[in-house]
Amino acid sequence: MKTHYRIIASLCLVFLGLGIFLWFSFPRSVPNERQTITTNTNLSVNPTLPAPLATVVDPPTPTLIGAPLPPVDYPPGSIGEACKVNDYPPSVGYFDLDRETRRNLDNSPYDRNGKWKALKNEKCLLALERHLNPINPYLWGTEHEPQGKLSAFAFVNVDNPVTFERLFTDPVGDFALVQEVFSRPECQLGPNADPNWELHESCHADALLNYALLSRFCYGDGVLNRPSKFYWKSFGDNPTPEQDRSEWIQRLEDAWVRQKCKSLDPNLKLQLPLHTALQQQIYALQVKEESKSRRQQTLIGALIDLAARLGDPTAALTQPIDHGPGDLIGIDSGNWYDEAGYKYGPFAEWFTRDFRPDDLFTKHPPSIERLYVFLDLFAENLSAADGREMKLNHDVLVQHLCTPPYYIELYVDEDTVPEPPSCREIITELRQKQIDPAMLEWIATFEDVAMRLDVYE
């Protein structure tokens, strides 16, 4: 038995020794925080310096474009003040910059998605609405047209003038009335039918014009083609601060109209297949022209022509503008150059004479021939096709006839143009001629207005 215990004790000593040997023979694990970090042996590293840290690149610092412009003194509540136009960068040169640079300008009027920052400002929106609502869309931007041009709309006062407010008040209701008009045969004056202003209210002439102009500005190119004035660095333009900022104000106006259009019911678009039958009815009413140079009317032009024949006074002042041969107008064009409402309005007879109203609307210097022709406009009123009287704005007419700058033909050296005579000189000379007694009364009216406006001399 003792021998057996000795054998067991001997074996325990052997196993204990073997365990100690193995403990010191195998590598042991090292805690993580004490492990050695291996480096890429292919890199040339100075062992005496710490490893370089990654470089952090800051985003580009927003910058200003050009030298800041002196502030314009905009009145409170105006677009310039309410939309903070003085904070904008100079418009000249702005669009010459690449898109990324423009987006990083801290005073850019657009956000990084290209949206107007100012249109998120209720004060700015209110100023734009207050400014644009009373404007006749036909006169929008005409202050930027080349000198020496006026529109018939500037000369005639109408009781219910078309305005942007009128266009955007009830577009859905206006379109419903247009559809009603084309469901009633008595309202669909054929191509050769006489105008009938007695149908003005019952056939919704005002809704026809409202919807036609809404279509022009929202679904045509009316905003794009409205008169505007921009300045270009590449042309060497050096506008005043007010002129420079007028560009931003024009763009804000455009953006306001487009935003109003985006809020409309998309089914109002006349050119949709949904309205194919209505389109065909409108085309069937097109007034046929004898002149081969007349282009086919647009849907919009045909609607405005019908509104004029039904007695809308604004539609009855529209006139065509010749763009030259071969300039065809498509269904979505939206421009107003094919309208002929003037044939049913206060200037109808003027288009039958040897001269055209263009002679009146172009701002030529005073002359005996010019005043002799136009003095009968100072008769009390003009009559429309149905005998309805429309009041001329004599103040606008006198300023147009008597105040420079006057129209100068393209490529004519302005320095070679003689000094124009005053209206007083022309009237004095005209009185010395044999004239109709009625003209003496018109001359007296003309003189009274010119002296009151201080433009006679």
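# Exercises on a predicted structure

The protein has 16 helices and three strands. The model is predicted. Buried residues account for 42% of its 457 residues. Among the contacts with a separation of 6 or more, 73% join residues 24 or more positions apart.

## Exercise 1. Helix α11

Solution. 

Step 1. A residue is buried when its relative accessible area is under 20%.

Step 2. After α11 comes G311, with a positive phi near 105°.

## Exercise 2. The packing of α14 and α16

Task: Decide whether α14 and α16 are roughly parallel or roughly perpendicular, and list the residues that make their contact.

Solution. 

Step 1. Two packed helices are described by the angle between their axes and the distance between the axes.

Step 2. For α14 (residues 394-402) and α16 (residues 437-452), the angle is about 80° and the axes are 9 Å apart.

Step 3. Angles of 65 to 115 degrees count as roughly perpendicular, so α14 is roughly perpendicular to α16.

Step 4. On the α14 side, the contact is made by H394, D395, V398, L401 and C402. On the α16 side, T445, F446, V449, A450 and R452 take part.

Step 5. By class, the residues of this contact are six nonpolar, two polar and two charged.

## Exercise 3. R370

Task: Determine whether R370 is buried or exposed, and find its contacts beyond its neighbours in sequence.

Solution. 

Step 1. R370 belongs to helix α13, residues 368-374.

Step 2. Its relative accessibility is 7%, so R370 counts as buried.

Step 3. With neighbours within four places in sequence set aside, R370 is in contact with D359, L360, T362, K363, H364, P365, H400 and L401. One of these, L401, also takes part in the contact of α14 with α16.

Step 4. From R370 to I426 the C-alpha to C-alpha distance is 9.6 Å, and the two are 56 residues apart in sequence.

## Exercise 4. Backbone details

Solution. 

Step 1. H204 is placed in the loop between α6 and α7.

Step 2. D454 is in the segment after α16.

Task: Which form does the peptide bond from P404 to P405 take, and where is P405 found?

Solution. 

Step 1. Omega of this bond is near 5°, and the bond is cis.

Step 2. P405 is in the loop between α14 and α15 (423-431).

## Exercise 5. A pocket and a cavity

Task: Describe the second largest pocket by its volume, its lining and the residues closest to its centre.

Solution. 

Step 1. The volume is about 440 Å³.

Step 2. The lining has 17 residues, and the closest to the centre are W116, L119, D254, A255 and R258.

Step 3. Two or more lining residues come from each of α8 (222-225) and α9 (241-262). Helix α9 gives the largest share, six residues.

Step 4. By class, this lining has seven nonpolar, three polar and seven charged residues.

Task: How many cavities of 30 Å³ or more does the structure hold, and which residues line the largest cavity?

Solution. 

Step 1. There is one cavity of 30 Å³ or more.

Step 2. The largest cavity holds about 60 Å³ of space.

Step 3. Its lining consists of S91, V92, G93, Y94, F95, D96, Y231, W232, K233, E247 and R251.

Step 4. Sorted by class, the lining of the largest cavity has five nonpolar, two polar and four charged residues.

Notes. Residues are numbered from 1 along each chain as its sequence is written. This is a predicted model: local features need pLDDT of at least 70, side-chain atom pairs count only at pLDDT 80 or more; totals for chains, interfaces and linings use all residues. Side-chain values use heavy atoms; hydrogens and water are left out. On a 1 Å grid over the protein atoms alone, a cavity is a set of points where a 1.4 Å probe fits but cannot get out, and a pocket is an open set with protein on both sides within 12 Å along at least five of seven lines; lining residues have an atom within 4 Å of a point. Grid points are joined across faces, edges and corners, and a volume is the space filled by probe spheres set on the points. Helices (H or I, at least four residues) and strands (E, at least two) are DSSP runs, numbered from the N terminus. Ala, Val, Leu, Ile, Met, Phe, Trp, Tyr, Cys and Pro count as nonpolar, Asp, Glu, Lys and Arg as charged, and the others, Gly among them, as polar. Axes are lines fitted to C-alpha atoms, for helices over the stretch in contact, and angles run from 0 to 180 degrees between N-to-C directions. Angles under 35 degrees count as roughly parallel, over 145 as roughly antiparallel, 65 to 115 as roughly perpendicular and the rest as oblique. Contact means heavy atoms within 4.5 Å. Buried means under 20% relative accessible area, exposed over 50%, partly exposed in between (1.4 Å probe, protein chains only).
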